[in-house]
Amino acid sequence: MSVTADAAGELLTAAREALGSYYLGVTGTDDQVVRLPEGAAADLARVLADRAGTVRQIVPCSGWQDADLFLLMAWRQRAARGARVHRLYLVPYGNPDMTPVLRERDLDRDSRIDAHLLHLEVIPRAPVPMTHTWLIDEDVVVFEEHGDTGPAGWVVSRRPEDVRAALDRWQQLWTNRHALAHRPPHLAEPLLESADMLHSLARVACTGHYVDPVSCAWYHGIWQYLRLFDMVSSPNWHIGFYSEVLREQLRGRAEPRVLITGAADYGMLACVLNAAGPGVAPDVHVLDVCLTPLLANRWYARRRGTEITTHNVDFVRAGEQFVEEQEPFDLIVSDAFLTRFPSDDAATVVENWRRLLRPGGQVVTTVRIYEEAGAAAGATLVTEYGMRLYERAKNSFWLLRIDFTELLSAAHHYAKRMRSSDQLGGADQVLDFLRRHGFEVVRSETASVAGELAGCDYLRIVCRVAAERSD
Amino acid sequence: MWERAARAGPGATGSPAWLRAAGEDIRAAQAEALGGTEPLLTVQCGLAGGTSALEVRVTVPGRPPVLLVLAAADLRAAVFRGTDPLALVAHAFVARDRPLPPADQLGLAPHAPPRIPAAPDAAGADLAARITAALAAKLDVVVVGDEGSGKAVSAARAARLFAAEGGAAVWIDLRSGAKSPPTVVWELLRLPRHDRVLVVVSRRALVAGFQDTRTIISRLRHAFDLDLRLLTTDTPSAVAAMPALYGFYEQVPVRQPVAMPGQDAAVMYWFACLGLFGIQPLVAVADRRYHPEQLHRLQQRELIHLTAVDGKVYYRLGAGVTPTALVAGQAGLPGRAPPGELIWAYLKMAGADAGRAPLEQLDLVGFPGRDGHARVEGSRNLTFSWELLYRLGEQLDRYCATNPDWDDNVGAAVFAAEALAELGHAEQWRRVAEFVRGRLSYDVPGELPRATGGPTLEEGDFERIQANMIAEDLFLGGRWPASLLGTGVDKARFHSTWMLGVLLGFEGSALERSDGRLDALLATAEHHCAPDGHFYPRRVPWVTARVVLGLCGAGLTYATHDVVRRACDWLVRPVREGGAYAEWWKGGTGSWNRDEATTAMCVVALLRAGAPAGEEVGKAVVWLRSRVGEWTRPGREIDLALALEAILLGAHDWRSSYGRLLNLLSWANEEFRGGLRDLGLPEGTLRAPFAAAQLAALVRVAVSREAAALVEPAPAAAERRPARLEPRLPATAGMRLRPSVTHWREVTRQIEEQLEGQVQRRRAVLRRAAPGGMPVVQAAYDQYTAQLALCRELREKLRERTPIEVIERLVELGDTVCGTGWNGGLSYDDEAGPR
């Protein structure tokens with residue numbers, strides 16, 4: 001028995017040695033920095049709160065767990081006992097659920113914490129890591145630290161460089177707190193919530209699409225993540241145009257029939273519903289060849305308290321039959337849809353649009369224009385696309401469920417595969433194309449946008465069925 | 001020929017009696033052909049139930065028969081035309097639903113082996129032996145050689161050897177419009193029983209016909225469980241142009257004896273190495289490297305040619321030169337550097353613009369390997385790395401112009417010099433070298449480097465390192481003797497020993513060699529290497545790794561230098577035996593060079609030194625990868641750079657690391673934009689020069705691995721076979737059941753998608769190139785186009801019950817294009833059972 005007990009004791013000693021080695025790896029030996037594992041945050045808050053005089057806190061608002069709530073509570077109690085606590089809640093782009101945030105802010109104010117909500121833009125002017133950051137008396141900064149994968153750690157640093165960087169960030173945010181408090185994004189699109197959902201959904205629901213006839217999971221699955229970092233073309237690139245035009249089109253009609261043809265997600269629906277405003281109940285139909293965006297639209301509509309009709313139809317191959325089955329529409333909206341097709345198929349799309357509209361009905365759309373032939377993406381552009389995403393996402397990727405490496409890899413795949421058709425040509429050619437297919441152009445404007453791989457131009461168009469064809 | 005059927009008279013045609021008579025004629029024809037011996041394939045005939053047709057059963061013992069139905073109309077035509085009865089059966093086997101063509105259109109080729117010279121020369125005997133060995137290993141073999149290279153004779157000789165060892169050899173000549181598939185079956189029906197049969201198809205005349213040969217042979221193998229081998233011959237250009245076909249064959253090249261002097265062979269090796277990456281070297285670069293007479297001689301022999309594109313003159317390889325074969329034939333010979341090194345050296349000499357093109361091609365489209373299997377598509381982010389490297393180089397130039405002493409930081413200066421040397425920036429390198437060589441004294445053999453004129457700036461780092469060691473000791477307790485504790489470490493010796501390694505690397509890669517200094521450093525390394533192989537301090541393996549890296553930089557390896565060998569042996573010796581290895585390598589200096597950075601340095605040192613491959617490096621690389629969450633944290637970019645180099649160099653699937661170059665590029669870009677600063681991080685002042693040196697190292701490593709992959713042999717066939725799972729439903733003869741035809745179509749789409757991308761990207765590259773300017777891309781474009789056509793053809797044939805040949809060709813195509821496991825293990829019933 002004693003031999004066994006000794007052996008067990010040795011094993012436990014060895015295990016303690018392993019633990020010591022592990023902790024050395026975690027915390028390091030820098031005399032100005034202490035690192036702690038993720039699970040040590042509560043202890044950290046407990047011991048630091050009692051020693052802090054003035055605390056400036058940056059709190060990221062997304063996906064809070066109980067551990068986050070505990071930290072908020074711990075510092076709130078300290079504030080109630082007399083410490084000066086200033087708190088900035090960072091609301092990331094993508095509309096997280098604000099209910100718990102507003103509740104915490106109200107509790108803060110009850111505890112004499114000077115708390116503010118700051119809405120971050122899609123690409124903040126200065127990078128803001130979405131991590132808990134506590135500046136304690138300008139002596140020490142405490143922050144979370146993330147690698148590309150695995151659990152975060154906590155860093156307590158008195159290194160002047162770290163303290164200075166945190167203080168600069170704080171001051172920049174604090175100075176702009178009033179401006180940022182009232183700058184939610186243009187559309188209330190819950191991208192943070194739905195991006196993860198679509199990523200999962202695409203794996204089971206994606207079938208085939210204009211971008212890929214077999215399975216478009218690679219496209220729909222990554223789409224909203226890329227939107228979160230403004231890496232892909234979306235209605236938001238033309239939000240002023242859509243808002244204005246759709247408002248004109250929808251206001252004053254009780255139940256306009258609206259058709260959205262082609263939808264990577266619910267972005268266009270969000271534009272329509274926002275433009276409709278109170279008193280207008282548009283009868284919205286969304287058509288796409290893949291089920292995933294249709295389900296996303298349905299989910300979003302219900303979230304907005306409305307219902308839509310979805311059509312799982314290939315608008316090119318089966319559009320004619322669809323036309324026969326439908327009542328006429330007042331309005332067709334479609335973001336960068338024609339860009340997906342070679343000119344023959346684009347002609348079919350436009351012909352179908354024309355036949356679906358009631359007399360006087362209009363199409364609101366955007367088309368990427370090519371004054372010169374489109375070139376394939378070069379290696380440098382693909383790498384730069386990946387780097388751009390890396391730099392935009394490295395401060396917040398942990399708010400998403402997708403692994404960072406998978407996100408970067410999927411984006412790389414997207415950059416290499418995704419291509420637009422250049423067959424419609426430049427602005428004049430596009431307008432001529434529409435005229436040839438029986439449309440009268442009511443309004444058109446070109447706009448330069450950031451683009452995906454590189455900057456590019458779009459034509460924003462409003463057109464209606466012409467009395468006579470131009471050809 | 002049809003005596004019994006003819007005897008029945010025209011009035012009986014189609015009657016049961018007539019059909020029975022015709023059946024007897026078929027059996028008699030087989031008996032006559034075999035001369036009474038037992039057939040390989042037995043033909044039995046009977047009346048098809050309820051029909052006016054003859055049922056022919058082709059059998060081998062122990063296997064279910066293959067049923068063929070000969071319509072009365074076909075029989076009548078055969079009797080009328082005097083068609084060979086066995087040819088009728090062969091036709092029915094090959095083309096069941098097609099009516100019998102006239103006898104002269106059946107396309108049967110007589111068995112006609114070529115004449116074989118009585119005594120082969122040494123090369124011929126060697127080729128025949130290699131063909132025989134290939135046939136023993138693989139079912140399908142192609143002999144690749146130019147017209148008149150003797151491949152057909154050697155194939156015939158191998159066939160004779162095959163027959164001499166108890167097999168049967170059938171020779172099919174496709175001249176005069178002969179059709180291979182019916183001939184194969186016809187010959188097998190006339191063949192006595194053998195355990196092994198070799199079908200030799202000479203003179204490949206029609207690709208489609210030849211592909212069908214393999215299809216029919218595949219069917220025969222599965223239907224009758226025959227050990228049936230296929231041997232053919234073709235030219236290198238044809239083989240290269242049809243990877244979809246020849247990717248499945250064991251390729252046996254005819255070794256053209258290269259009768260050239262040793263020096264010419266070495267020059268051709270250089271050209272061939274560049275040819276792996278499709279590089280046509282600039283004449284200006286080649287002329288700097290080789291004597292004009294040598295190059296002229298090679299031109300005269302048409303091994304290289306001059307070509308001009310956009311006003312620049314290049315050398316291109318002669319039409320008969322196959323880079324992969326030439327490199328494979330000479331790699332490893334004395335005086336032959338690895339292909340990657342030569343390519344890297346060329347890229348640097350060619351400069352930013354000329355070097356960019358092959359890297360862009362590597363990023364976008366890859367290069368075809370020896371047999372097409374080595375190609376893996378996808379951006380490696382190397383083009384951007386290359387461009388950034390040059391931008392950093394320019395920044396270093398500017399900085400060095402005004403501050404060649406790097407604020408008295410010799411470590412930073414040396415890293416800058418290494419980067420400048422890589423980029424060939426001689427002038428700035430000379431300025432930095434002047435500072436380094438003046439600021440440190442290291443020309444006395446046996447004496448560690450020492451500063452002249454007071455301590456250098458980076459010596460201060462060793463104060464901080466000592467503080468980290470003390471902190472580590474406090475944390476872990478005293479695990480070291482007093483002299484190795486943080487409090488007892490000799491900082492000056494520690495710094496000087498580390499500097500020994502740094503300077504070895506510097507002098508080893510110097511643009512202007514100082515042999516005296518290098519010799520002194522080597523003697524010092526020998527003097528200060530402990531008997532067990534470590535360098536001071538034993539607690540800190542990254543010092544020993546640094547010295548090994550320095551020695552490697554001076555061109556020494558595990559095989560050639562005792563100190564490298566001893567140091568490497570110490571690195572991989574377990575800690576419990578006095579070495580440094582503890583499943584990975586512990587830094588011994590706390591947060592200053594953490595375990596991840598230390599392990600990366602040790603891995604790179606061992607691999608660069610060419611130390612014997614043990615499990616230590618492999619295990620350490622896996623550990624390193626598992627720590628990605630650590631070395632990708634902000635502020636640990638030096639760890640990141642070192643880890644990436646180790647993984648690129650040491651991991652089996654190194655390509656998976658290319659994506660992480662983004663982290664490094666982002667950091668290096670920031671360094672580039674932000675200039676030079678000390679963030680108080682380990683080696684903070686070294687960051688920018690280190691970033692440049694490390695980017696160069698990473699591109700070099702990537703180029704080396706990709707080049708090596710291009711000449712690697714294909715993985716063994718057995719590894720490339722898909723898993724054969726249990727079928728979900730019973731199968732019927734000759735058909736494969738779907739687990740789901742939809743799934744098969746989806747996975748087939750993967751192949752198609754990949755091929756489409758490859759074709760489109762190449763088309764884009766070719767569109768920008770001068771006509772004929774990118775022959776490698778053009779060849780790859782042609783290959784992929786052919787593969788794409790095949791893929792689409794096969795996809796069209798996918799049905800709920802798909803002929804097995806279609807599935808098999810699809811699986812093989814998928815293995816070639818997408819790699820093993822591309823179909824996710826989708827099953828089909830292998831009714832032939834295990835082979």
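Predicted model: local features only at pLDDT ≥ 70, side-chain atom pairs only at ≥ 80, totals over all residues.
Q: Why is helix 10 of chain A called largely enclosed by the rest of the structure?
A: A residue counts as buried if 20 or more other C-beta atoms lie within 10 Å of its own. Nine of the ten residues of helix 10 (residues 267-276) of chain A are buried, so the helix is largely enclosed.

Q: Which residues of helix 10 of chain A are buried?
A: They are Gly267(A), Met268(A), Leu269(A), Ala270(A), Cys271(A), Val272(A), Leu273(A), Ala275(A) and Ala276(A). After helix 10 of chain A comes Gly277(A), with a positive phi near 65°.

Q: What makes strand 10 and strand 13 of chain A edge strands?
A: The open sheet of seven strands in chain A has the order 10-9-8-11-12-14-13, with mixed pairing. Strand 10 (309-312) and strand 13 (439-449) of chain A each pair on one side only, and they are the edge strands. From one strand to the next, the twist averages 15°.

Q: Which strands of chain A do helix 9 and helix 16 of chain A lie across?
A: Helix 9 of chain A lies across strand 11, strand 12 and strand 14 of chain A, at about 180° to strand 12 of chain A. Helix 16 (residues 427-436) of chain A lies across strand 12, strand 13 and strand 14 of chain A, at about 155° to strand 13 of chain A.

Q: What contact is there between domain 1 and domain 2 of chain A?
A: Chain A is divided into domain 1 (27-181) and domain 2 (191-465), with C-alpha centres 38 Å apart. Domain 1 of chain A gives 17 residues to the contact and domain 2 of chain A gives twelve residues. On the side of domain 1 of chain A that touches domain 2 of chain A, ten residues are nonpolar, six polar and one charged.

Q: Why is one side of strand 1 and of strand 3 of chain B left without a neighbour in the sheet?
A: The open sheet of three strands in chain B has the order 1-2-3, with antiparallel pairing. Strand 1 (42-47) and strand 3 (66-71) of chain B stand at the edges with a single partner strand each, so one side of each has no neighbour in the sheet. Neighbouring strands of this sheet are turned by 25° against each other on average, direction ignored.

Q: How many residues of chain B are in contact with chain A?
A: There are 36 residues of chain B in contact with 34 residues of chain A. By class, the side of chain B that touches chain A has twelve nonpolar, 14 polar and ten charged residues.

Definitions and conventions: Residues numbered from 1 in each chain as written. Chains lettered and ligands numbered in written order. Pairing = 2+ DSSP bridges. Helix = DSSP H or I, 4+ residues; strand = E, 2+ residues; numbered from the N terminus. Axes fitted to C-alpha atoms, helices over the stretch in contact; angles between N-to-C directions. Contact = placed C-beta atoms within 7 Å. Nonpolar A, V, L, I, M, F, W, Y, C, P; charged D, E, K, R; others polar. Buried ≥ 20, exposed ≤ 12 C-beta atoms within 10 Å, placed from the backbone. Domains from an automatic or database assignment.
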